[in-house]
There are 2 protein chains.
Amino acid sequence: MIATSRRSWVATANAPDSDFPLQNLPYGVFATPGTAPRCGVAIGDQIVDLAACEAVGFLDAGGAFAASALNAFMAQGPAVWERVRARLTDLLAEDGGNRDLPLFPMVGATLHLPITVSEYTDFYASRNHAFNVGALFRGPENALPLQWTHMPIGYNGRASSVVVSGTPVRRPMGQLRGEDGPRWAASARLDLELELGAIVGQPSTGRVSVAEAEAMIFGYVLLNDWSARDIQAWEYQPLGPFQAKAFATTISPWVVTRAALEPFRRAGAPRENPLLPYLAEARPGLYDLDLSWSLNGEVMARVNYAVMYYSSAQQLAHHTSSGCPMRIGDLLGSGTISGPARDQTGALLEMTEGGKFPVETARGRRTFLEDGDSVTLEGHSQGPGYRIGFGRCEGTILPAE
Amino acid sequence: MIATSRRSWVATANAPDSDFPLQNLPYGVFATPGTAPRCGVAIGDQIVDLAACEAVGFLDAGGAFAASALNAFMAQGPAVWERVRARLTDLLAEDGGNRDLPLFPMVGATLHLPITVSEYTDFYASRNHAFNVGALFRGPENALPLQWTHMPIGYNGRASSVVVSGTPVRRPMGQLRGEDGPRWAASARLDLELELGAIVGQPSTGRVSVAEAEAMIFGYVLLNDWSARDIQAWEYQPLGPFQAKAFATTISPWVVTRAALEPFRRAGAPRENPLLPYLAEARPGLYDLDLSWSLNGEVMARVNYAVMYYSSAQQLAHHTSSGCPMRIGDLLGSGTISGPARDQTGALLEMTEGGKFPVETARGRRTFLEDGDSVTLEGHSQGPGYRIGFGRCEGTILPAE
């Protein structure tokens, strides 16, 4: 365990509101003008060039950091993850660190998608969200599916549509329900979904336990599962959402490691019924992680990740329950994170009750997202004198074409 | 267009019941003992070693045939596909062919998964199947979803679970609905699904028309989307099938090109209502392709692919309708192919009406698949004096563990 009092010689990392103190060390992929994308780690307002560190012998990760995605590093496994984290902590510490590390200011760098996404699965693990959305789509009496308290319900999403924060999001066209059959139109009910994304860093070929699943998770990102609610309502029965969630899913560029979040473990809400043994969790699997989303810079909702009913480790264990093989670079969305109150909801669908109750914002009244709207997710776990932050996960809506 | 009368100097290719005549030339990936997997083409009972052909200058595909998957070849695009097909036709023709081509007997080769599957999407495009299964899951009055005649309904499947013919299939464990909450058990309702799989050979980044979608399709395989009906029934609402279809999907090893199937174009059933323009097809998009499935060597059902309501090109166009990016190696399952009669059904769920009417087989009565059962899909389009066959797509059930 890293002592909470350690400071970095990178001064900006020591500010109490820095997302990237010495205790965090999230991994990403960056490029500076005229150079190729490579792996880096965030510290304060700087990026450590990990490829350059390896080249000069400051670090050893088998050459994996020269790649344009973290997959090769993840493939080296938990012992290497731990060793590199310890080494980076030493190199960046105020006491005894190495001030010759190759640093680049984050402000001048381009941040790329941090991983090659193998497959993307999205879950549905906030009880509030499941009930609220279920009530809107199917009425309150059919809101919560029967199996909801027994298994983490999920569906396969579309990996090819995952983009990094800052990528504009084009409003989708699609089939919408019309008066007299369907019509072809731009989605008029474009929404966000505030989620946490877990990144699978080790493969599996058979069923794994929740403890084994947790050990496979390399880290976490913020994730916005953009959703076209009108396309979804018309298409989603009986096989689930398809084009409504296939145009873009935005993730934050920095992968916060499981190791960095370890001090913030927290249990979720009490269970309504016992889980089957394959989903039993020996220790709390959620994190005390404060999340928020903003519309055009104005905070719309705040919610803690620990409202969730299933952890990423439980979701991953369930994902393997049939024997489904998992691969390095698989991305698991937590499902929309919503608390019970309106200002804790992770989607406009819930906040406006399906558009019935618009919200007032500085840029006008909203039911769903308008062209030009920008949505930003943020989040951090608060430690004593430092915080483990995720940076920003942002996307701006472009008009349909 | 290749003249139908041309014969090959590989004598076994000229038998009227050979799946692999000169007119077919399906691509695959094979290895012989002690050698690495590489690309090949099937002719009669032989495999042409395409990597060796390139090495000695008989062919030019940019070195793509040395790879252990067809993706690199597909990436070269339709002009190269056409040129290589024409060249192979000349090399293998009885008149003027090249008898020095490096051939290996198929019987001594191991056939590998022919492509690296980027993502796997499964559709639901047989009206009979959609109605039959819908009636079993939701009752006849809710059987056919409202949008079914307006759009090709699909869901994202799990690419990591796609295996090549011959790979044993482990019966999955899972959550099943019990008397008093769910129970953890081996699936007792394990089923097959007879499908055709379309392989995307060119990428797209925005919406594409049906004609453009068709041009992106490299070829087709037989596809068995193994399904655990009891896991499916408990898990699938509201987000679709997940673990019920995540343990294995088997495809045939030979990719029959779109070019080889071109002479067998056929229109489907009349439309019940006009389609929106983005799904309009200028020419018939299905094929006159006779399919069958066998249980332990006994043919259980025969059905023609032209019963389908949507073509693969329409499915692919719909897949891009929101702007969803497609990639080389994406695999699109047609959906279970079923005709109206019991002996035309592509799944035991339909054939036995959910297990109510068992079928008698040489190995005993069946409602669903038992351990040790072997399912084989076969199919071909019948031309004058030759047939374009797919070979076999087979899997045998291993007991749960």
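This is a predicted model: local features need pLDDT of at least 70, side-chain atom pairs count only at pLDDT 80 or more; totals for chains, interfaces and linings use all residues.
**Entry 1: two copies**

Residues are numbered from 1 along each chain as its sequence is written, chains are lettered from A and ligands numbered from 1 in the order in which they are written, and side-chain values use heavy atoms, with hydrogens and water left out.

**Entry 2: where the chains meet**

Next I went to the interface. I found 54 residues of chain A in contact (heavy atoms within 4.5 Å) with 54 residues of chain B. Together the two chains bury about 5100 Å², and carbon and sulfur atoms account for 58% of that. Buried area here is the accessible area (1.4 Å probe) that two parts lose on being put together, summed over both. On the chain A side, A:R158, A:L239 and A:F242 lose the most area to chain B, together 16% of what that side buries.

Do the copies use the same surface or different ones? The same one: 100% of the interface residues of chain A are also interface residues in chain B, so the copies meet through the same surface.

I also looked for salt bridges (a side-chain nitrogen of Lys or Arg within 4 Å of a carboxyl oxygen of Asp or Glu). There are four across the interface of chain A and chain B. I picked the pair A:R158 and B:D330, whose closest N and O atoms are 2.5 Å apart. A:R158 was already on my list of the residues that lose the most area to chain B.

**Entry 3: two domains in chain A**

Chain A is divided into domain 1 (11-112) and domain 2 (120-398), with bounds from an automatic or database domain assignment. Their C-alpha centres lie 28 Å apart. The contact between them takes 28 residues from domain 1 and 27 residues from domain 2.

I read off about 2000 Å² of area buried between the two domains, with 66% given by carbon and sulfur atoms. On the domain 1 side, A:D19, A:M74 and A:W81 supply 26% of the area buried against domain 2, more than any other three residues. Across this interface there is one salt bridge. I also looked at A:D19 itself and found a salt bridge with A:R387, the closest N and O atoms being 3.2 Å apart.

**Entry 4: the annotated residues**

I opened the UniProt record, an unreviewed entry, and its "binding site" annotation covers A:D122, A:E193, A:E195 and A:D225. They span 104 residues in sequence, yet no two of their C-alpha atoms are more than 10.9 Å apart, so they gather at one spot. UniProt positions are given in the numbering used here, feature names are shortened, and annotations may be inferred rather than shown by experiment.

Is A:D122 buried or exposed? With 1% relative accessibility, A:D122 counts as buried (buried is under 20% relative accessible area, exposed over 50%, partly exposed in between, with a 1.4 Å probe and protein chains only). A:D122 sits in strand β6 (residues 120-123); helices (H or I, at least four residues) and strands (E, at least two) are DSSP runs, numbered from the N terminus. Leaving aside neighbours within four places in sequence, the contacts of A:D122 include A:E193, A:E195 and A:D225.

A:E195 is in strand β13 (residues 194-200) and is also buried, at 1% relative accessible area. Beyond four places in sequence, A:E195 touches residues including A:D122, A:D225 and A:L377.

My last stop was A:H129, where the unreviewed UniProt entry places the feature "active site". I found A:H129 in helix α4 (residues 127-138), buried with a relative accessible area of 3%. Not counting residues up to four places away in sequence, A:H129 touches A:E193, A:T336 and A:E350, among others.
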